[in-house]
Amino acid sequence: MTTKLMGTPVQRVEDQRFLRGHGRYVDDVAVDERTLHAAVVRSPHAHARIVDIDVSAVLDLEGVHAVWTYDDLAGLATPMAEPLPLLIPHPALTHGRTQYALARAEVNYVGEAVAFVVADDRYVAEDAVGLVRVDYEVLPPVVGIDRARAADHLVHDDVPGNVGARMEQKTGDVEAALAAAPHRLQLDLTVERSACMPMEGRGTVARWDPDTHRLQVWSSTQTSTGVRAAVAVKLGLDLGQVDVITPDVGGGFGVKINHPWPEELLVPLAARTLGRTVKFTEDRREHFISSAHERGQVQHIEVGFDDEGRLLALDVEFWHDHGAYTPYGLIVPIITSTQLLGPYKPQVYRVRFESLYTNTVIVTPYRGAGRPQGCYAMERTMDAIADFLDRDRAEVRAANFIQPDEFPFDQGLVFQDGRELEYDSGDYPASLEKLKALVGWDDFPAYQAEMAAAGRRVGIGLACYVEGTGVGPYEGAHVHIETSGKVKVATGLTTQGQGHATVFAQLVADELGVRMEDVEVVTGDTRRMPYAVGTFASRAAVMSGSAIHLAAKRAKEKALRIAAEALEVDERDLEIVDGVVSVKGSPGTSIDLGTVSVLSNPLRYAFDEASKAATQFSVGDPGRPPVAEGDEPGLEGKDFYSPERATFASGMHAVIVETDPLTAEIRILKYAVVHDCGHLINPMIVEGQIHGGVAQGVGGALYERMAYDESGQLLNASFMDFLMPYVTEIPDGIDIDHLETPSPLNPLGIKGAGEAGVIPSAAVFAAAIEDAERVALPDLTITAMPISPSELHALRQRHPQPRPHRQERS
Amino acid sequence: MSDTRHDVRLSVNGVGHDVSVPARRLLSDALRHDLGLTGTHVGCEHGVCGACTVLLDGRPVRACLMLAVSAVGCEITTVEGLARDDGSLGPVQQAFAECHGLQCGFCTPGFLTTITAGLADNPTPTHEECRDMIAGNLCRCTGYQNIVRAVERAAELIAEEGEAS
């Protein structure tokens with residue numbers, strides 16, 4: 001028997017081309033002198049009215065082919081001049097607003113696209129950008145959640161209070177439950193903005209074929225089908241005239257799920273208008289000011305609990321900064337509001353949020369997508385309860401866990417996919433035990449005391465999360481066994497480094513009984529799989545993995561049926577090993593899959609030696625149609641996977657840090673992760689995902705923030721000033737232990753793994769730093785993340801202050 | 001305002017290329033767009049991320065911080081030049097494949113060139129030196145854990161080759 005590949009650390013098949021410099025990222029497509037290059041005139045103001053745009057100086061510039069403003073779009077017969085789509089409408093989003101592909105009359109953030117230039121190369125295009133004169137009447141900007149709530153000024157004149165949405169969910173009478181609780185605490189917390197920052201920014205290439213009237217688009221996106229639909233609508237084309245190909249993508253982390261970006265429409269429009277291939281490649285500064293950010297929230301929590309720390313009432317209110325527009329709806333704050341609960345079961349929960357406009361870059365999901373904020377709120381609350389009761393922090397958490405025999409567990413809320421927030425499986429007490437062992441939780445107090453005696457401050461923190469992964473609506477897959485015996489697999493969602501070509505090939509090899517090297521996987525190409533949703537919410541393995549498994553099963557069923565006929569045996573006696581179908585226990589009676597593929601397609605015309613076997617004078621019962629009723633020619637399998645609801649992965653992180661008593665520098669001594677994503681397809685890849693998530697979490701907790709000044713200028717829009725971690729900032733070694741609680745919702749028992757590593761970071765670092773500081777400063781409390789050494793120093797200067805969240809015992 | 005072009009010869013991976021470029025053309029753009037060597041990636045264009053790192057006479061430089069015309073007379077090595085003559089992966093590339101040292105692959109060329117130069121300079125690095133060797137390159141996917149392992153593995157592979165020859 002072939003060894004099962006599921007669960008083994010198979011080396012990645014895609015690495016060969018990447019390591020040789022043969023990857024094809026979007027800027028590597030159409031490297032040709034005839035390709036034209038686009039650049040964008042962007043607003044230098046956070047909030048302004050456009051008085052006039054003068055492009056006359058550009059027209060004389062040699063090498064410029066087009067310069068467009070909103071007025072040029074308004075003259076078109078297609079909906080290009082209408083606002084960009086509001087992708088995910090929600091009844092609570094009463095005041096959703098989206099921008100125009102090119103600003104019409106008003107700009108609402110520094111970086112908003114105002115004019116579009118196409119030229120011979122990017123250098124000339126940028127020269128032209130510099131020659132476009134835009135007169136602005138500057139308006140007062142709204143920057144930050146406090147200013148947005150104060151609403152002294154409005155981002156959009158027709159959005160009162162700057163409130164895009166108000167939403168509330170509750171499971172009972174929280175006020176009564178709070179009043180009845182033996183103990184109560186209040187917390188006020190903030191989290192700042194950060195961003196995905198993939199190493200490759202956005203980019204789009206488009207080519208119009210005048211002979212076939214078809215448009216071909218390459219885009220660095222997380223949803224090729226989404227881009228395709230948007231481009232077709234906006235350019236007034238039939239869907240069948242548009243192909244979107246997602247080439248290699250240099251990281252996404254969420255930002256590339258939003259679509260269509262202005263350039264994703266303007267580039268195809270230019271290609272069609274000019275009859276030339278056109279390319280736009282975002283530069284790093286543009287990525288900072290014209291893509292998307294995430295994370296910024298202000299939170300107020302009231303909690304009631306008993307002597308064991310059990311949550312009797314949890315009342316959360318938060319304010320979410322969604323930037324200037326809401327193309328991605330309320331997904332991020334809805335996730336915060338629901339996933340905040342983590343592995344716990346408060347008796348009564350109420351959450352209310354306002355999603356607020358500010359004159360800053362839009363906010364759309366960044367790895368974790370609202371969960372890091374929710375986890376931070378919940379875990380800071382757990383730490384506060386433990387502190388108040390003077391109990392062990394792990395113990396208080398354990399007292400609130402949903403127990404293994406309580407699944408499926410309905411939290412009584414509606415999740416981001418419009419379905420019930422019902423956890424499918426998990427074992428949180430087992431995870432906690434593993435984590436405590438992995439990090440040495442029980443031994444830590446002795447170590448801390450020993451270090452304290454030597455004048456050193458070390459602290460430990462832990463944080464738990466539950467992550468709804470693999471949300472619908474669906475993904476599909478197509479498996480085609482060619483006459484060569486090679487297996488071609490297509491699924492529509494895209495790949496940004498997750499190793500899909502490897503893990504999906506593992507699944508096909510296992511199910512079909514073929515060699516993995518004979519399997520080739522294509523993702524994100526609408527020509528190969530036109531029905532797909534996209535890569536987000538840790539859903540690729542769950543959704544496409546399941547669909548591919550099912551499609552391979554169908555192909556196998558057909559292969560066995562045809563082989564059984566050819567071999568004149570019962571198909572139940574057949575097995576497929578290394579691409580050969582044979583009778584179990586009698587390997588001499590066999591037929592290879594390539595030949596089965598030949599036989600699957602009744603031919604009139606032979607094209608080679610093998611295909612002669614399938615021609616009309618060689619095969620077939622003259623008394624029956626060559627293709628039986630209900631059958632199809634070809635050895636293929638196609639299927640879709642559409643689960644009722646998400647599957648819930650979970651995990652727990654712990655970190656040990658040391659803070660310098662003098663410089664307030666924060667050093668990571670140990671980082672431990674327990675992770676449960678159900679069955680692992682490829683543990684090497686899952687661990688890689690965790691490593692990367694933890695690193696982004698370290699960045700988000702200790703270094704990264706979007707530094708806007710009061711006028712809405714992003715002061716640190718470069719890698720020199722936005723401090724992404726190098727290796728020197730990341731722990732040397734991350735200890736990982738897995739728990740495998742299979743999901744009952746999909747055939748492979750898997751759960752998503754992509755985002756998990758980043759979710760608990762702000763929470764776990766806040767806890768550990770606070771614990772270290774309390775060695776010397778017993779009342780120091782961390783309520784704002786990220787935290788830099790200078791901010792920690794400032795906190796020390798303010799010490800002692802009464803703990804702001806501590807209330808009188810009732 | 002048309003740019004004056006300069007006819008220069010760039011020597012890349014042992015092959016001479018005659019190109020006509022404006023003075024302001026970055027080396028990274030010349031490699032990618034004029035020579036079609038798209039393995040060298042551009043991540044920030046201000047010299048911080050290191051994705052565009054190439055070797056200039058064996059020393060790592062940021063191709064985005066250099067003009068193409070100023071590379072005349074130098075031997076440039078890009079990621080495309082790191083495989084062996086027989087087409088198999090070079091030791092650093094091989095180590096990355098074995099250790100899962102890459103995910104999206106965008107930053108990878110800069111790491112490969114940097115480590116190639118680093119190990120030429122110090123073929124037996126300590127663990128700390130392996131970390132230092134890559135401390136000027138950004139990766140957003142891997143958290144660096146497996147890249148550090150790959151540096152250590154590459155050093156092993158190079159040592160094994162030395163013993164074998």
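In which loop of chain A is the place of Pro408(A)? Pro408(A) sits in the loop between α12 (393–400) and β16 (409–414) of chain A. Helices here are DSSP runs of H or I with at least four residues, strands are runs of E with at least two, and both are numbered from the N terminus.

Before I continue, a word on the source. This is a predicted model, in which local features need pLDDT of at least 70 and side-chain atom pairs count only at pLDDT 80 or more, while totals for chains, interfaces and linings use all residues. Residues are numbered from 1 along each chain as its sequence is written, and chains are lettered from A and ligands numbered from 1 in the order in which they are written.

Let me return to the backbone. The peptide bond that joins Phe407(A) and Pro408(A) is cis, with omega about -5 degrees. A cis bond also leads from Gly472(A) to Pro473(A), where omega is near 0 degrees. Pro473(A) belongs to the loop between β18 (457–469) and β19 (475–481) of chain A.

Two residues other than glycine have a positive phi. For Glu568(A), phi is near 55 degrees, and this residue lies in the loop between α16 (540–567) and β22 (574–577) of chain A. For Tyr144(B), phi is about 70 degrees, and its loop runs between α4 (127–133) and α5 (145–164) of chain B.

Is each of these residues buried or exposed? A residue is called buried if 20 or more other C-beta atoms, placed from the backbone, lie within 10 Å of its own, exposed if 12 or fewer do, and partly exposed in between. Glu568(A) has 7 C-beta neighbours inside 10 Å and therefore counts as exposed. Tyr144(B) is buried, because 28 other C-beta atoms lie within 10 Å.

I now turn to chain A as a whole. Chain A has 20 helices and 29 strands. Its radius of gyration is 28 Å, close to the 28 Å that the globule rule gives for 810 residues, so chain A is as compact as a globular protein of that length. That radius is taken over C-alpha atoms, and the rule is 2.2 Å times the number of residues to the power 0.38. Along its principal axes, the C-alpha trace of chain A spans about 95 × 75 × 50 Å. Of the 810 residues in chain A, 58% are buried.

Next, one sheet of chain A. An open sheet of 4 strands has the order β18-β26-β27-β28, with mixed pairing; two strands pair if DSSP finds at least two bridges between them. At the edges stand β18 and β28 (735–738) of chain A, each with a single partner strand, so one side of each has no neighbour in the sheet. β18(A) runs antiparallel to β26 (residues 647–659) of chain A, and 13 bridges join them. Within this pair, Tyr465(A) stands opposite Gly651(A) in β26(A).

Finally, the contact between the chains. How many residues does each chain give to the contact? Chain A gives 44 residues and chain B gives 45, where contact means C-beta atoms, placed from the backbone, within 7 Å. On the side of chain A that touches chain B, α1 (15–19), α4 (122–131) and α18 (683–702) of chain A each supply at least two residues. The largest share of that side, 6 residues, comes from α18(A).

Notes: Two residues are in contact if their C-beta atoms, placed from the backbone, lie within 7 Å.
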